[in-house]
Amino acid sequence: MSSAPTLSRAQRAAFPPNWPARLALAALALYVVYACSVLDITWARFVEGFGHGSRLLSRVWPPNFAPDKLALLRAGMLESLQIAILATVIGVLVSLPLGLAAARNLVPVPLALASRGVIALFRTFHPVIVAILFVKAVGFGALAGMLALVVASLGFLSKLVAEAVEEMSMKPVEAVRATGASFLSVVIMSVLPQVMARFIGFSAYQLDANLRNSALVGLVGGGGIGATLFTAFQRFDYDFVLTIVLAVIALVMLGELISGWMRRLFQ
Amino acid sequence: MSTLQEPTPVYSWHRFSPAQRVVRSVFYILVLIAIVWSLESIEIIPEFLYDAPAQSIDLFARMWPIDWAWYPEVVQAALIETLHTATLGTILAVGLASAVALMCARNITRSLALNALGRFILVATRSVHAMVWALFFVALFGPGSLAGTLAIAVHSIGFTGKFLSEAIEEAKHGPIEALIAAGASRASILLKGYWPQVKPAFLSIVVFRWDINVRESAVLGLVGGGGLGMALDTALSNLYWDRAGLVLCVTFAVVIVTELLTIWIRGRII
Amino acid sequence: MTESAIEPCSGTLDHCPLVIRHLCKEYRAGQPVLKDISLSVAAHGTTAIVGPSGTGKSTLIRCINRLVDPTAGEILFRGEDLARLKGRALRAARRRIGMVFQEYNLVERLSVMENVLCGRLGYVRAWRAWLRRFPAADIERAFHLLDAVGLAHLARERADQLSGGQRQRVGIARALMQEPELLLADEPTSSLDPKTSVEIMELIRRRAGERNIPVIVNIHNVELARRFADRVIGMCNGEIVFDGAPRALDHAILSRIYGGEGWLE
């Protein structure tokens, strides 16, 4: 006859304290305090800002719909839209071959690694920085902005294409190869059908992202509504700023609607 | 005497039905029109285009040799500022986004009005880019990392909140039902029913967003948000291209390190 | 099913479209999967390759159409050494060899018709594949083949909507679409239930027989091999240990091939 081993008090606790989680939370809290001190973020500044803010808010509302402002808004928005459309189209067309060339199961490994390197380079820099560089290269205006967005689109889309291709099943690819098809035919009939659905989803998201970013590149000279926005800020035309921001939000929501249709159409 | 021949059956096959073909053709035509219209309006000045390779080479020539000496002077402090901005901004965003996500999730908040409000907040915060928020906060709080941190935080609410609300909506109802049946309070249901299910997605989203926020914080300074962007802005305004090159290199390095860190964290914790 | 199919063929290449000499394959140095395989395949009839798993049956089949590259040896297909071919010549050779796979290897998101038309990809240009504008004669042949495998009514269905047996039929139609001079089948029935397995083997043998195409089939079910093959090759440890008529497969020989009672399923 043996008795069950007795457990110590600590072992009997049904919910032992989760020390790693507690330590992590404590570390997080300490960090927040530390970072705030480094960045000179104090409550006083906050309050002062909000005081300032109430005065600001009276200048922001109501949004400015004067005719001359609306004309400026329209011109800027149209240019941003054009930048976004072109950047997305070019991005979609080029990202497919670039992404395929970066897939290790489809092309020789050196080529795949080189393509991946190029894609990583495109993704590293913020579209704004890329826009600055293009402004230097091709001058101010929509072309620089569009090229910057093309680079950003390629960085995003090609990576996703490469990942989708590396995750797909190689069995149909093997079968189509066995029929004596050329590389292009193999890609068309066995690779693309497997990744197309996801690619369309990515492209729709990229259109949305480009619509958002097209408003940005203007801040550094890339054309579009960003330039109008920056000027308005510098002139303290805060009510016009609100108008512009509302217009951008509306454009983005419209873009989401269209990309939703696009997705349904191609699936 | 004629032999009656049966008509030979015509074998035809098309990938899309006529209706589908019409719709697809319309779509392609619309896209074509959009492209042509966009091209017409975008001014491409040929002289600038021909000049582009020369300009680019000139740009890189001016950036070399890189002014490494400027690093300890200004850039290091700016780098640290950027990292803090990104991290603080992410932490703040996660807190705020959780609240908005709870408001949006249809299985937690029944009021349609609140759902719609939550969704609007998410769309609005993500449509307005962090740099535009930075402009706004600079007008409010003056230039510096306070404006930058808030800009990062507010902009991130959009994405983080959207993913979080989707994760919450996908939570299985079974455990929640069990807790309700046992008479648990709302807070307990949230903490013990939803949180364990959402936790893996939550951590993944937070890490992902932090990675992106480092990239964003690096450029906020261009409009006054502090950090590396301000160093870049200073260098560019004075046309010190070698210093600008330094900032770009440091940005590049920090982005790579952050990405590697993210991959490591994902491997270990998620 | 004729007696002459069993005898090792000799003489003119018309009688022996496929001659394999001293074929070797090592995936890792020092561990050969195929050891000095030599055999000739006659111009008609079904040859079954049996043996335990891992013995190189699949590797042997895949070496013939170069889905796997042999380490050494010759594979003479109508006089041409397939082991040496590259690029366009290899593709031209591949289109004359049809293959049926264990897991059907269809493109799931495409329709049955599109999958069958894949068989013509070795003969049409890429833009035709992109726009799906295949020649009318090909479309007609595709319909005839789908009829022959009993799936004409499913031509527009997506491949992932079909059952296993139906998918394999599409695979057979795709292979026959190439108008091949040789048909390879790598364990075509391993993923199917017994009744469907019999149907598929019957289909392969009948349709290939009608078109006078020799078949080499890799099979692990000995009963199916006995029933449908004209010649059986037994492999063990990367070597051929038996080559003869199905009825000669007695207990002793099967033990030698499978090393024990392993063939009793």
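Predicted model: local features only at pLDDT ≥ 70, side-chain atom pairs only at ≥ 80, totals over all residues.

Me: Let me start with a strand. Which residue of E9(C) stands opposite Thr47(C)?

Reply: Strands of a sheet pair through backbone hydrogen bonds, either parallel or antiparallel. Here, Thr47(C) faces Arg231(C) in E9(C). Strand E3 (residues 46-50) and strand E9 (residues 231-236) of chain C run parallel and are joined by four bridges.

Me: In what order do the strands of the open sheet in chain C lie?

Reply: The order of the six strands is E6-E7-E8-E3-E9-E10 in chain C, and the pairing is mixed. Strand E6 (97-100) and strand E10 (239-244) of chain C each have a single partner strand, so they stand at the edges with one side left without a neighbour in the sheet. On average, neighbouring strands of this sheet are turned by 20 degrees against each other, direction ignored.

Me: Which strands does helix H7 of chain C lie across?

Reply: Helix H7 (residues 194-210) of chain C lies across E3, E7 (182-186) and E8 (215-218) of that chain, and runs at about 165 degrees to E8(C).

Me: Now a helix in chain B: where does the kink in H8(B) lie?

Reply: A straight helix of 35 residues would span 51 Å, whereas H8 (residues 186-220) of chain B spans only 40 Å between its end C-alpha atoms. Look at Trp195(B), shortly before the proline Pro196(B): there H8(B) has a kink of about 55 degrees.

Me: And what does the domain assignment give for chain A?

Reply: It gives domain 1 (14-59) and domain 2 (64-266). The centres of these domains of chain A, taken over C-alpha atoms, are separated by 35 Å.

Terms used: Residues numbered from 1 in each chain as written. Chains lettered and ligands numbered in written order. Helix = DSSP H or I, 4+ residues; strand = E, 2+ residues; numbered from the N terminus. Expected span 1.5 Å × (residues − 1). Bend = angle between axes of the 7 residues up to and from the residue. Pairing = 2+ DSSP bridges. Axes fitted to C-alpha atoms, helices over the stretch in contact; angles between N-to-C directions. Contact = placed C-beta atoms within 7 Å. Domains from an automatic or database assignment.
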